[in-house]
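Here's a quick tour of some side-chain packing, ring by ring and contact by contact. Have a look at the model first.

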Amino acid sequence: MKTKFLIPVLAAIFAIGMSFTTLDSAGNPSQDYIVQDGVFMPLGEELNCGNGSIVCRVQLEPNGQIYEVYDSINPSVLKKGNGDIKKLY
Amino acid sequence: MVEIISYLFIILFVYAAVSKLLDFEQFKAQIGQSSLLNAFVVYVTWGVPVIEILVSLLFFLPKLRLAGLWASFTLMVIFSTYIIFVLNFADSIPCSCGGVIASLSWSQHLIFNIGFVFLAILGISLIQKPLKNKKIGATSLSGSP
């Protein structure tokens with residue numbers, strides 16, 4: 001009886017351990033994103049923002065809004081760089 | 001065999017639920033991308049992992065395994081239906097699933113889900129067959145003079 005309950009518990013512990021080991025908080029290497037009206041929009045390319053710790057920003061049209069760039073669809077994964085505003089037009 | 005199916009569902013649902021909860025912000029953002037689900041972001045982002053954990057708990061007790069299999073079957077059918085909707089009507093939405101399953105393409109994920117639907121059906125039939133035989137046995141005994 002104890003064994004019958006133990007194996008499901010072990011399965012659950014195994015699954016919890018697996019989810020910690022496969023947790024990936026890194027960004028998407030092939031795609032960057034901006035947030036427009038609260039929705040993540042793909043930029044269609046990986047931007048080269050240079051090296052640095054300043055949030056990377058992009059402008060999609062002349063005199064248009066400047067957006068912060070995200071490495072993935074995750075509000076906490078802002079792309080960092082040298083601070084230059086990338087112009088995609 | 002039923003035990004193995006139960007353990008597989010425990011692993012699947014616990015893994016998926018914990019993965020979603022560990023990367024909650026990303027999961028929430030991804031649900032927000034879905035035209036079908038973005039109106040229910042709060043309910044879906046909290047409800048899906050909680051339901052997955054509750055369903056997995058049903059498999060801990062042998063008496064509740066049949067209920068767990070039916071709940072799993074229902075969940076997997078719902079998830080598969082959502083994937084079919086995404087494949088046919090959405091442009092491109094990253095997978096809102098957890099862990100290594102996110103590395104599957106939408107089509108692969110659909111096949112994965114359908115596999116578990118059949119696994120649930122198999123488990124249900126394996127449990128219900130002996131129950132039916134028991135009832136038939138009991139009926140013939142009670143019907144005999």
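## Aromatic cluster in chain B

One aromatic cluster is formed by F9(B), F13(B), F59(B), F112(B) and F116(B). Rings of Phe, Tyr and Trp (its six-membered ring) pair if their centres lie within 6.5 Å, with planes under 30 degrees apart called stacked, over 60 edge-to-face and the rest tilted. This is a predicted model, so local features need pLDDT of at least 70 and side-chain atom pairs pLDDT 80 or more, while totals for chains, interfaces and linings use all residues. Side-chain values use heavy atoms, without hydrogens or water.

Over all chains, the count is 7 aromatic pairs. F9(B) and F59(B) are a stacked one, at 5.7 Å centre to centre and 5° between the planes. They sit 50 residues apart, F9(B) in helix α1 and F59(B) in the loop between α3 and α4 of chain B (helices are DSSP runs of H or I, at least four residues; strands are runs of E, at least two; both are numbered from the N terminus).

## Tilted pair and burial

F112(B) and F116(B) have ring centres 5.0 Å apart and planes at 50°, so this pair is tilted. Both belong to helix α5, about one helical turn apart. F112(B) is partly exposed at 27% relative accessible area, whereas F116(B) is buried at 13% (buried is under 20%, exposed over 50%, partly exposed in between; 1.4 Å probe, protein chains only).

## Q59 in chain A

Over in chain A, Q59(A) is part of strand β4 and buried, at 9% relative accessible area. Its side chain reaches the backbone oxygen of G64(A) at 3.0 Å.

Conventions: Residues numbered from 1 in each chain as written. Chains lettered and ligands numbered in written order. Polar contact = N/O pair within 3.5 Å; in protein donor to acceptor, adjacent residues only side chain to side chain.
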